[in-house]
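Reader: I am new to this structure. Please show me how to read it, one feature at a time.
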Amino acid sequence: MPKVCVCVKYSLDVSEIKVDPSTRTPVTVGAKRKTSDFDKNAVEEAVRLKEKQGWTVAAFTYGTDDAKSALREALAMGADEAILVTDPGYEQSDTLVTSLFLAEAIKKEGPFDLVICGEVSIDGYTYQVGPKLAERLGIPQITHVRKLEIKGDEVVAERDLEEGYEIVSAKMPVVVTVTKEINEPRYPKLMDIMKASKKPIKTLTAADLGIPDDKKGAAGSGMEVLKAQAPEMKRKEIIIKGKEPTDAAAELVDLLAKEGVIK
Amino acid sequence: MSIWVYSENNDLMLELLTKGRELANQLGVELAALVLGQDVASKAEELAYYGADKVYVVEHPNLATFIAEPHTSALAELVNKHKPDSVIMGATKRGNEVAARLAARLNVGCVTNCTGISVDPETKMLLLNRLVYGGTAISTQRCKTKPQIATVPPRTFEKASKTDRKAEVIKEKVEAEEPKVKVLELKKKEVKGVRLEEADVVVVAGRGVKKKEDVAMLEELAQLLGGVVSYTRPLAYDLKWSPTWTGMSGVIIKPRLYIGVGVSGAIQHVAGIRDSKVIVAINSDPDAPIFKVADYGIVGDLYAVVPELVKKLKEKAK
């Protein structure tokens, strides 16, 4: 039976990130995490292949021990196996390191006919892991996919690009990155969540994968983050409250005319 | 020593040439533009007048259609031959996927969607700014090795203008991998009127707008102001009202006037409108985060306020 590998990230929940008002730096220590939105679409797409065409689904994540939550969610959604790829240098890893760990783990557990990732993660938003994974696996990439079909040994995919929807085909194996539009991820049933909590999760480390120290964490990363700060938003914040709509509208039109943005 | 710029998008290429020229002058290095494709010699000749010192032109049948793998391999061959200090690419979806793949092939750092680039006075490396955590913060990042790879979204910098000085146009030969992905069809996205990213005024519908028919009211408002209507992601994506939306994951806009109607102001949306000249919000919830980033706002029912606004603007036009 064909096998599909799906990669998920246990991302920072960006809607929950607070900013320290004195330094304007985002507080990420202890911040809430969840499966990155687009990765749930990736899991859903993989599970549909299982249901419709009998594929086997393996979920991978690169992260710390708490990333097992994302794997449990994938298992509850219908994944057959789950693999945590972990390293103490995770927090300092850039996409070069992440893609290396994932690629080595996928090679070890494979071969896979298809690799599915979310197009981007909600916290890092780099769009880099999918293409880098494809490069490291030495296979083609099809990014930003909104429709996916398997025809024999080929995938046919519709990509959502700026200028239009591009329909492409390629022989498997390929890496596909999916958009949020491709499907509606299911909510696992309580029974499935309970079952998933009892399924084994395999753990792979750098030693298991033969990844040397200079390719891990900060040492293996191609870039460094010097600082992160909330941008200053200096706006007027003139808010009209408690007025009749007609008066409020008149006041706004006057203000905008004074500002010179309407004629 | 050189800075390279490359985008498959012509406008974006001109924007990269502006920034590239500035950085090259500052560092005292050469600026080169890359043109990849098939039958692109005349395009390269034209591009030679926009501030670059050199234009490398690469023609190969495998580059006729834009496929990530042959483009990556062509760029990697060029980089390995000439060893540029940095490669700055356009952050289109195609640009980002090639930049990422190229960085993995060369085993170097890559920073996507940079909204600012400057020179680190100490290391002479590039300081690359980008939004992180859904737009909560701007992060400053620096590559550790060369070539430094960065991508820049459309409309981040001004377009370069034509000059009298012509760059040296150099033909390069590459092997360029055989494409393994076949393009079967491109269905163009329909653009009605002005493109969202170029619109002077943008009225955005948020979740406060209950039915798709109600957007007509916003259309009327936009029309009176000479603008266009856009959507937040939940309306565009989840409810499928539109193929495009405004926000970090969609179109990032910088209009003269932004009006959010029933928009709550999620950070991912705000990240996409941050550089608007004037931000206006209409929302019934006084605690909606959008008011914190707005210049002007009305706390009220959009179904009552928008028709009144339309009426007032019509009166004013008379």
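Author: Start with a strand. A:V174, A:V176 and A:V178 point one way from β12(A), while A:V175 and A:T177 point the other way; all are buried. Buried means that 20 or more other C-beta atoms, placed from the backbone, lie within 10 Å of the residue's own; exposed means 12 or fewer, and partly exposed is in between. Strands (E, at least two residues) and helices (H or I, at least four) are DSSP runs, numbered from the N terminus.

Reader: What kind of model is this, and how are residues labelled?

Author: This is a predicted model: local features need pLDDT of at least 70, side-chain atom pairs count only at pLDDT 80 or more, and totals for chains, interfaces and linings use all residues. Residues are numbered from 1 along each chain as its sequence is written, and chains are lettered from A and ligands numbered from 1 in the order in which they are written.

Reader: Why is β12(A) largely enclosed by the rest of the structure?

Author: Because five of its five residues are buried.

Reader: Which strands pair with β12(A)?

Author: Two strands pair if DSSP finds at least two bridges between them. Strand β8 (residues 114–118) of chain A runs parallel to β12(A), joined by five bridges. There, A:I116 stands opposite A:V176. Strand β9 (residues 141–151) of chain A is also parallel to β12(A), with three bridges. A:V145 has A:V178 as its bridge partner.

Reader: How do I read a sheet that involves both chains?

Author: Follow the strand order. Here four strands form an open, antiparallel sheet: β14(A)-β8(B)-β7(B)-β6(B). Its edge strands, β14 (223–229) of chain A and β6 (114–119) of chain B, each pair on one side only. Five bridges link β6(B) to β7 (residues 126–132) of chain B. One bridge pairs B:I117 with B:L128.

Reader: What should I look for in the backbone?

Author: Look for exceptions. Most peptide bonds are trans, and most residues other than glycine have a negative phi. The bond from A:M172 to A:P173 is cis, with omega near 5°. A:P173 lies in the loop between β11 (164–171) and β12 (174–178) of chain A. B:K146 and B:P147 are also joined by a cis bond, with omega about 0°.

Reader: Where is B:D39, and is B:D39 buried or exposed?

Author: B:D39 sits in the loop between β2 (30–37) and α2 (41–47) of chain B. Its phi is positive, near 55°. B:D39 is exposed, because 8 other C-beta atoms lie within 10 Å.
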